[in-house]
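Here are my notes for your review, arranged as numbered points. Please read them beside the sequence and the coordinates.

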Amino acid sequence: MIFLAEIELVLLTYAEYPAPIGADAYQRNQPTTNRSLRAFAQRHDLPLADAAARIHNLLSDGAAPSRYFHNDRSHPNARGYEQIAPLVADIFEVRSIDQR
């Protein structure tokens with residue numbers, strides 16, 4: 001069986017760990033980067049998996065950031081990726097072809 005998808009590019013926003021007071025420029029610019037990615041995807045009709053929005057929604061319900069991020073405060077942990085992966089998977093319209 002072969003699985004085909006007609007997706008060439010998927011954009012993924014950066015899952016933002018809440019920037020602490022005194023954060024460096026990189027952390028402060030994450031929201032700007034994500035806004036730019038969203039605008040670029042819309043302008044070029046590209047699929048976008050909005051990891052930032054998903055994580056923001058989870059954290060706005062009172063969850064601690066450590067529930068979804070490694071202690072490096074930059075990368076999602078397994079639980080965070082469990083929340084992000086379906087966003088990417090939903091973009092792919094996969095159909096199977098039986099090779100007989």
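1. What share of the contacts in the chain with a separation of 6 or more comes from residues 24 or more positions apart? In this predicted model, such residues account for 67% of those contacts.

2. The chain has 4 helices and 4 strands, which, read along the sequence, follow the pattern β-β-α-α-β-α-α-β. Of the 100 residues in the chain, 23% are buried, and the chain exposes about 7,100 Å², of which carbon and sulfur atoms supply 52%.

3. Helix α2 covers residues 30-43, and its 14 residues should span 20 Å at 1.5 Å a residue, which agrees with the 20 Å between its end C-alpha atoms. The buried residues of this helix are Gln-30, Asn-34 and Ala-41; seen down the axis of α2, they fall within an arc of 40 degrees, so they line one face of the helix. On the other side of α2, Arg-35, Gln-42 and Arg-43 are exposed. The helix is followed by Asp-45, whose phi is positive, near 55 degrees.

4. A search of the whole structure finds 1 salt bridge, in which the closest N and O atoms of Arg-38 and Asp-50 are 2.8 Å apart. The pair links distant parts of the chain, with Arg-38 in helix α2 and Asp-50, 12 residues apart from it, in the loop between β3 (48-49) and α3 (51-60). Arg-38 has a relative accessibility of 28% and therefore counts as partly exposed, since that class lies between the buried limit of 20% and the exposed limit of 50%.

Definitions and conventions. Residues are numbered from 1 along each chain as its sequence is written. This is a predicted model: local features need pLDDT of at least 70, side-chain atom pairs count only at pLDDT 80 or more; totals for chains, interfaces and linings use all residues. Side-chain values use heavy atoms; hydrogens and water are left out. Helices (H or I, at least four residues) and strands (E, at least two) are DSSP runs, numbered from the N terminus. The expected span of a helix is 1.5 Å times one less than its number of residues. Buried means under 20% relative accessible area, exposed over 50%, partly exposed in between (1.4 Å probe, protein chains only). The arc is that of the directions from the helix axis to the C-beta atoms. A salt bridge is a side-chain nitrogen of Lys or Arg within 4 Å of a carboxyl oxygen of Asp or Glu. Contact means heavy atoms within 4.5 Å. Accessible areas come from the Shrake-Rupley method with a 1.4 Å probe; for residues, only the protein chains shown count as cover.
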